[in-house]
Amino acid sequence: MNRRHWPPPLAPGARVALVAPAGPLSNETDIERAVGNARSLGWDTRVGDHVLDRTGYLAGSDADRLADLNAALRDPGVDGVWCLRGGYGTMRILPGIDIDALLRRPRAIIGYSDITALHAAIGRRGGPISFHAPMARAPLPSFSRRSLHAAVVAGTQSCGAAPASHPLREGVTEGILAGGNLAVLAALAGTPFAPDLRGAILVLEDVGEAPYRLDRMLQQLLLAGMLEGVRGIALGQFTDCPAEGGIDGRSADDVFIEVADSLRIPCIAGLPIGHVDEQWTVPLGAPAVLDVAARRLDVLLAGAARATVSVDLGIDHRIVSRSSSFNQNRPTPEECMTQKSGTDLVQEAKSRIREVTPKDVQEMVADERDVVLLDVREPNEWNLGHLPGAIHIPRGTLEGKVEQMLPRDREIVVYCAGGSRSALAADTMRQMGYDNVASMSGGWREWVGTGGAVEG
């Protein structure tokens, strides 16, 4: 996916159009709150002609909602568009949205939830960075206001540290921020408006979805090929989503861990993004770094003018310095990225490492060689049985734990279920300075098939 450009900042005195491209508003109080929120940021407002219309679960007819949005995009006096609410309906008007007007005169587009469809359409056309941010009619507590101001007014860091988040799969990655509401992304699969997520840090949030429905939507994205090339997953809030999924007790975290493991990418959950009052503004289309262990999502700011961050947001200035360095000295994620299959990566790893067979390992054990057997499978696999005397470090946490548990001068044989994860793990350890490490070809399955001893 392509890195997109920042729109002009919404400085005090900017005119912001308030539109309702999806669900209906409650009453004029919503308009009053939205105007108050805009004025608190120093903006003038222009309210769409049809924002108080209602056609069932829509804010008026498709034609009228589209007319309000296009009028805002075409008006040379409008500097930004702030959506009043989500709900449902934006995807109904996608074919008629005048993205060309936005390309001719970039401006900030603000909103989340159902507005994910609009963000996706903009990204698909290579439009400006758009902002996954609070709705105009919603309460705007100081946390959310500071982040919104940082992103669309000051052009500074709007995300950063998330101490209340929790890791699902360790790692550090760089990519382009993309995504939004999971249900909307799944609904866009197979359409011309589905986002290109290659090279992305995928941001996801949702509301009122059971784990099995989250699973179904993720499987739809997987089967549609939309998750190929995703570099990391940054999960926001899944508000009013049951902690457990019914009779089998499967949780939302379980669902996301499974996907992150299958993609072999870092994943963090519980970021302040989505259907909560206190939320970050996420600049979709901007480059970022996800550091799961540090519990951080840091936007890589463009140029020196964006290297000063808001002290109120508590941003680590070392991260910002690192971000500036990335922008100046490193190629973009899409420039770095070579499209390879998982099989390609495994074969490349095997070309750089030493492999031993289960029979070789059995002879090592019989000869009482001082060799460490390292199991890099997942905990559920380990619990079903493992090689006698093996130690366990799941592949997803290897980089963060192996140095604490194993000295570099030991002879190590790594194994997994079939020999692929162990090859990748051995290659990683080789790069970390472990010179006497090998991968067991055939893995656990061949070990058991050849009569190897089992423990546990």
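In the predicted model, residues Thr-116, Ala-117, Leu-118, His-119, Ala-120, Ala-121 and Ile-122 of helix H4 are buried. Helix H4 spans residues 116-124, and because 7 of its 9 residues are buried, the helix is largely enclosed by the rest of the structure. Just after H4, Gly-126 adopts a positive phi of about 70°.

Aromatic pairs number 4 in the structure. In one of them, formed by Trp-6 and Phe-131, the ring centres are 6.2 Å apart and the planes meet at 45°, so the pair is classed as tilted. Distant parts of the chain are linked by this pair: Trp-6 belongs to the segment before strand S1 (15-19), whereas Phe-131 belongs to strand S5 (residues 130-132), and 125 residues separate the two. Trp-6 and Phe-131 are both buried.

A further pair consists of Trp-43 and Trp-82, whose ring centres lie 5.6 Å apart. With an angle of 75° between the planes, where over 60 degrees is required, the Trp-43 and Trp-82 pair is therefore edge-to-face. Trp-43 is located in the loop between helix H1 (28-40) and strand S2 (44-47), and Trp-82 in strand S3 (residues 80-83), so the contact ties together parts that are 39 residues apart in sequence. Trp-43 has a relative accessibility of 1% and so counts as buried; Trp-82, at 0% relative accessibility, likewise counts as buried.

An arginine is also placed against an aromatic ring: Arg-377 lies over the face of Trp-444, at 4.7 Å from the ring centre.

Methods. Residues are numbered from 1 along each chain as its sequence is written. This is a predicted model: local features need pLDDT of at least 70, side-chain atom pairs count only at pLDDT 80 or more; totals for chains, interfaces and linings use all residues. Side-chain values use heavy atoms; hydrogens and water are left out. Buried means under 20% relative accessible area, exposed over 50%, partly exposed in between (1.4 Å probe, protein chains only). Helices (H or I, at least four residues) and strands (E, at least two) are DSSP runs, numbered from the N terminus. Rings of Phe, Tyr and Trp (its six-membered ring) pair if their centres lie within 6.5 Å; planes under 30 degrees apart count as stacked, over 60 as edge-to-face and the rest as tilted. A charge sits over a ring if NZ of Lys or CZ of Arg is within 6 Å of the ring centre and within 35 degrees of the ring normal.
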